[in-house]
Every structure is written in structure tokens, then in C-alpha cells.
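Here's a walk through one structure, taken a piece at a time. Keep the 3D view open and click along as you read.

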Amino acid sequence: MRHPQGDCGSELIWAWGRNVSGKIIFNGVDPDLLTLITGGTKTASTTYTRIRPGDENATITFDGDSNYKITLAQGANAVVDTIDLYDENMVHYKRVSAAPAGVNEYYHHSNGVLRFNVADGGKVVYPSYLYADATGGSKIAITQNDIPSRLELWAVMRARNLNMITAGYEDSDIVIHLTKVRRTGPLVVGSESEEQTSSWSFEFIADLIDNGDYEVYFPKDRIRTMILLEDYDGNNICDYDGELIGIGYTEAWG
């Protein structure tokens, strides 16, 4: 199908008689979407929040009862196994199971109280850890059989300016329906290596075997074409406000 508009026109090719492969990437995931992606079960739960390095600091002081200590800001809610501790010189502290016998060690006594050796008295330390937040959140339980290997896929080709949402534009997307989709790889979450990170994603192949395995729905009213500009490294080019820059035009259907 050829659309002879613009400087050189454009061409859209439907790949009949062969499989279509692709990759789905989810850049933003909330609990409801993650439940749909994985087939897991969402329940209301205490949520967990992270104290990052530098968010909190304390001076190791004598408590008047032969102990040098600090108390974590989140107290008993701190998850002990996640505590990581450095001093102002970036010296790492090792957690021990009893009162520290030497410097650069700490012992979790109870309820977020950390005890130190007398030689560490007066130092400023910077903890990071996870803590339980009783204000409530969501927990998703995922079993090994929840993530489906065969599914249908409804994909939307955005046919409008990414920053323009006005009445009528909701009717100007192209929708593609693939009825026989096979997931060919694992659900990838987060870091793939020490040097590279990834969004939530999985790879798939769509089988085009019978009539109706591949359906395309066109918009009712008008279509807006958006062409993103990229630099030589493949990065999207943005203006000074961080908005994506593109070239586009709008026309009504004849």
C-alpha cells in the first residue's frame, strides 16, 4: 500500500506468508499492568521503601551504658539483611553477630539500633537499607507457570503527535491484531549485564497461518504521522524542554 504524500511518499508492507517477530518493551509498569503481563496474583500488602546512600546519616555516640551506637530513622521497620553502612571516608562496615571486637564493624542489637566498637565513637556513618512501610501497597505473587507462552496481541501504532491530546485524536491510531503469538524468550526485568540495563520486555513470533491471523484496523477520522529524529548514536533528539522533536502532517481521510 503506497501513500504518495510528502517529499518522497511512504510505503507500508504487510508480510503475508511468513512469521512476524518482534519485541515488547514496557517502559512504565504499575501493579495492575504487571499482573496482566505475568498472570500473577495481586494482593494488598505492606510496601517496602528504600533508604538510599546519603538519604540518612548519624554520629556514633556513647549511650551512657558502655555502648556506642546509632538508631536508624526507620527503627524496627528496617530490614536487617539489607543494611549497608559506610563512614564519611567511604570505609565499608561489616555486620557481625555480636558486640564488635574491632573497628569498621557493627552489630544490629534490636529495633534498628546499631552498636559499634569504642574506637568508632564520634564518626559519622551513612546507612542504606529497605524498610517496611505500613501505609500499604501492592504485592504480586508470580509462579513459574504464570507467564504465558502463547497469547493474542493487540498493538497500537500511535498516529498522532506524542504531546498533542485533543478531542478526536483518540480515533486516529492504527490497531493491529495478531491472533497466534508465541513468546520466544524470557520476561526480562532490569539489568541484563553490569554495563547495560533493560526495561521489562519479552520477544515473540506471530504465526500467520490462516485468514484472520493478522488484522489491521484503521482510524475512523484522520491520521497524524510522526517521524522521530535521532542522532548518529540512535538517541532521540529532544528540545530544551525535553520533548521529542519530530516532523509530522495531518490530513483527513478522503
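This is a predicted model: local features need pLDDT of at least 70, side-chain atom pairs count only at pLDDT 80 or more; totals for chains, interfaces and linings use all residues.

Start with the open sheet of 5 strands, which has mixed pairing and runs in the order β6-β7-β11-β10-β9. Which strands sit at the edges? Those are β6 (61-62) and β9, each of which pairs on one side only.

Now look at β11 and its two partners. On one hand there's β7 (residues 68-71), which runs antiparallel to β11 and is joined to it by 4 bridges. On the other there's β10 (residues 105-110), also antiparallel to β11 and also joined to it by 4 bridges. If you'd like to find the pairings on screen, lysine 69 stands opposite arginine 115 in β11, and threonine 71 has valine 113 in β11 as its bridge partner.

β10 and β11 make up a hairpin, with 2 residues between them. Asparagine 111 is in that turn, and its phi is positive, at about 50°. As a general point, side chains in a regular strand alternate between the two faces of the sheet.

**The aromatic rings**

How many aromatic pairs does the structure hold? There are 4. A pair of rings is described by the distance of the centres and the angle of the planes, and two of the pairs are set out that way here.

| Aromatic pair | Centre to centre | Between the planes | Geometry |
|---|---|---|---|
| Phenylalanine 62 and tyrosine 68 | 5.1 Å | 45° | tilted |
| Tyrosine 93 and phenylalanine 116 | 5.8 Å | 85° | edge-to-face |

The pair of tyrosine 93 and phenylalanine 116 links distant parts of the chain, with the two residues 23 apart. Tyrosine 93 is in the loop between β8 (84-87) and β9 (94-95), while phenylalanine 116 belongs to strand β11 (residues 113-116). Both tyrosine 93 and phenylalanine 116 are buried.

What about the tilted pair: how exposed are its members? Phenylalanine 62 has 46% relative accessibility, so it counts as partly exposed. Tyrosine 68 has a relative accessible area of 21%, so it's partly exposed as well; the cut-off for buried is under 20%.

**Two aspartates in loops**

Aspartate 63 lies in the loop between β6 and β7. Its relative accessible area is 30%, so aspartate 63 is partly exposed. Where does its side chain reach? The side chain of aspartate 63 gets to the backbone nitrogen of aspartate 65, at 2.8 Å.

Next, jump to aspartate 213, which lies in the loop between β16 (197-206) and β17 (214-217). Is aspartate 213 buried or exposed? Its relative accessibility is 3%, so aspartate 213 counts as buried.

The side chain of aspartate 213 has a polar contact of 2.6 Å with the side chain of lysine 180. A polar atom of the aspartate 213 side chain also lies 2.7 Å from the backbone nitrogen of isoleucine 209. Leaving aside neighbours within four places in sequence, the residues in contact with aspartate 213 are His177, Leu178, Thr179, Lys180, Asp207 and Leu208.

Notes: Residues are numbered from 1 along each chain as its sequence is written. Side-chain values use heavy atoms; hydrogens and water are left out. Rings of Phe, Tyr and Trp (its six-membered ring) pair if their centres lie within 6.5 Å; planes under 30 degrees apart count as stacked, over 60 as edge-to-face and the rest as tilted. Buried means under 20% relative accessible area, exposed over 50%, partly exposed in between (1.4 Å probe, protein chains only). Two strands pair if DSSP finds at least two bridges between them. A polar contact is a pair of N or O atoms within 3.5 Å; within protein, one must be able to donate a hydrogen and the other to accept it, and residues adjacent in sequence count only if both atoms are side-chain atoms. Contact means heavy atoms within 4.5 Å.
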